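Let's take a walk through this structure together, one spot at a time. Keep the view open and follow along as you read.

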Amino acid sequence: MKKSIYAVFDIGKTNKKLILFDEDQQIIDEQLHVCTDVLDDDGFDCDHLPRLTEWVLKHWKDLRQSPHYSVKGVNFTAYGASFVHLGADGQPVAPLYNYLKPIPEQIQQQFYAALGQSPDEFAADTCSPQLGLLNSGLQLYWLKYAKPELYAQIHTSLHLPNYLSYLLTGEKFSDYTSVGCHTALWDYQRRQYHDWVRREGIDEKLAPLTKDSIASVVDGIMVGVGLHDSTSAVMPYLAENDEPFVLISTGTWSVTINPFNSQPLTPELLRRDCLSFMTPRGEATRASRVFLGREHDYQVERIASYFHVKPDFYRSIVLARPYDETSTSFTPACMAGTGPFPDQPADDWDLSGFRTASDAYQHLMHGLINILLESIHLVWQGEKTIFVDGGFARNPLFMQTLSWNFPKAEIRTLEVPQATALGALVHLEQGEAWKKTQLLFT
């Protein structure tokens, strides 16, 4: 007999993965696709959309024809702030523009001048600090005024996870998690698209919003609508825990997500790098960011060079020491304009006061934790459980030092392999078609 499985396409900026799960949500296979960048029509790097499309469709075909597997469902999770623009024939008419692509200053000034409210008020309403094309709604505005011929060809603009779903179903939807990730499209106060979206006619280019996680059923296979990767990463934790918690997802960025804090953001919180995400049901979730992993790696390289030790020297340090007030105060080099202290200028941290690389690393960890604590407290509401995932969850100094600062909370690591992909599977299981299928068989 064929083995029943579920498939998740997990599309990151660097790695694109197809992950197969069995019916017990255990990973049984993983396939990686490294897609090299190409240049867009302005000569800026972007993902190779035709190659990505071809890869997804090939694996979809292979799965359906597999002699070993019977696919019960498939879903998608992908990075945010990215649109695929379709023409009237349903085919892409533009590159998959990179959210790091700079937006012309004149276009940005024109956009904010036409709002009828201050940039701070707009940022608070949309939970979208000024981030250029990371505010993906501005991509459509930019196309309308900078590339009007191309804009006129656009019939529907789909967020990247929803485009991947469309490839398999032909159904066009927008999901709340993609709309809500600092796109500047959504008015969080009024819980609808912001006035500028309708005034500019952008809403006519957007697919209908859905709260259902399933877009369609294709030949008996449930196909998800897709969701934003940051929201997807939280879903396994929500499925396993009834009590409120905070998740610190560590990596290049450390993102602290509180699924139980739906308080609106103020201009001051936005200035200090707080964001709001939306759940698949359209509810707000507060988060905060710190450039923690980048700062850590940069300073580790400096310490290794200064003390002439191997770059991985810190991996042998397993016991944290109490903070030494007499040490040189830690000053970050990579966090200017970001995190809870955006006004702090970049600085060269003085290493001359330390005797060994280990001494310097102990102080580095305390310095990083002090900054992270400020970020955590912007979203934390006294929750008794704090989960840590990502690279720092395997760093004993990080975990020990963090726990000292939360004596009344339980610091836990719930090592969830491929949490983002598993979140997409959990999301699929919440769909109406899934519920009807379960009723049918029970």
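Apart from its neighbours within four places in sequence, Gly293 touches Gly251, Thr252 and Phe392 in this predicted model. You'll find Gly293 in helix 11. Is Gly293 buried or exposed? With a relative accessible area of 6%, Gly293 is buried, because that value falls under the 20% cut-off. If you trace the chain from Gly293 to Tyr314, you cover 21 residues, and the C-alpha atoms of the two end up 14 Å apart.

While you're at helix 11, have a look at its partner. Helix 11 takes in residues 292–307 and packs against helix 12, residues 357–376, at an angle of about 165°, with 10 Å between the axes. Angles over 145 degrees count as roughly antiparallel, so that is how helix 11 and helix 12 run relative to each other. The crossing of helix 11 past helix 12 is right-handed.

Which residues meet there? From helix 11 come Leu292, Glu295, His296, Gln299, Val300, Ile303 and Phe307, and from helix 12 come Ala357, Ala360, Tyr361, Leu364, Met365, Leu368 and Leu372. Sorted by class, the residues in this contact of helix 11 with helix 12 are eleven nonpolar, two polar and one charged.

Now hop over to helix 6, which spans residues 160–169. Ten of its ten residues are buried, so helix 6 is largely enclosed by the rest of the structure. The buried residues of helix 6 include Pro161, Asn162, Ser165, Tyr166 and Thr169. Just past the end of helix 6 sits Gly170, with a positive phi of about 75°.

Helix 6 has a packing partner too. Helix 1, residues 49–64, lies against helix 6 at an angle of about 50°, and their axes are 10 Å apart. That angle makes helix 1 oblique to helix 6. Helix 1 passes helix 6 in a right-handed crossing. On the helix 1 side, the contact uses Leu49, Leu52, Thr53, Val56, Leu57 and Trp60, while helix 6 brings Leu160, Tyr163, Leu164, Leu167 and Leu168. By class, this contact of helix 1 with helix 6 has ten nonpolar residues, one polar and no charged ones.

Next, a couple of spots in the loops. Most residues other than glycine have a negative phi. Gln25 isn't a glycine, yet its phi is positive, at about 65°. Look for Gln25 in the loop between strand 2 (16–21) and strand 3 (27–33). Gln25 is partly exposed, with a relative accessible area of 25%.

Ala81 also has a positive phi without being a glycine, with a value near 55°. Where does Ala81 sit? Ala81 is in the loop between strand 6 (69–78) and strand 7 (83–86). Ala81 counts as buried, at 3% relative accessibility.

Last stop: the cysteines. A disulfide is a covalent bond between the sulfur atoms of two cysteines. How many disulfides does a search of the whole structure find? The search comes back with zero disulfides. For Cys181, the nearest cysteine sulfur is that of Cys127, 12 Å away, and Cys181 is in no disulfide. A disulfide needs the two sulfur atoms within 2.5 Å. Cys181 is buried, with a relative accessible area of 0%. Cys334 is buried as well, with a relative accessible area of 18%.

Note on methods. Residues numbered from 1 in each chain as written. Predicted model: local features only at pLDDT ≥ 70, side-chain atom pairs only at ≥ 80, totals over all residues. Heavy atoms only, no water. Axes fitted to C-alpha atoms, helices over the stretch in contact; angles between N-to-C directions. Helix = DSSP H or I, 4+ residues; strand = E, 2+ residues; numbered from the N terminus. Parallel < 35°, antiparallel > 145°, perpendicular 65-115°, else oblique. Left-handed = near helix turned anticlockwise from the far one by under 90°. Contact = heavy atoms within 4.5 Å. Nonpolar A, V, L, I, M, F, W, Y, C, P; charged D, E, K, R; others polar. Buried < 20%, exposed > 50% of the residue type's maximum accessible area, 1.4 Å probe, protein only.
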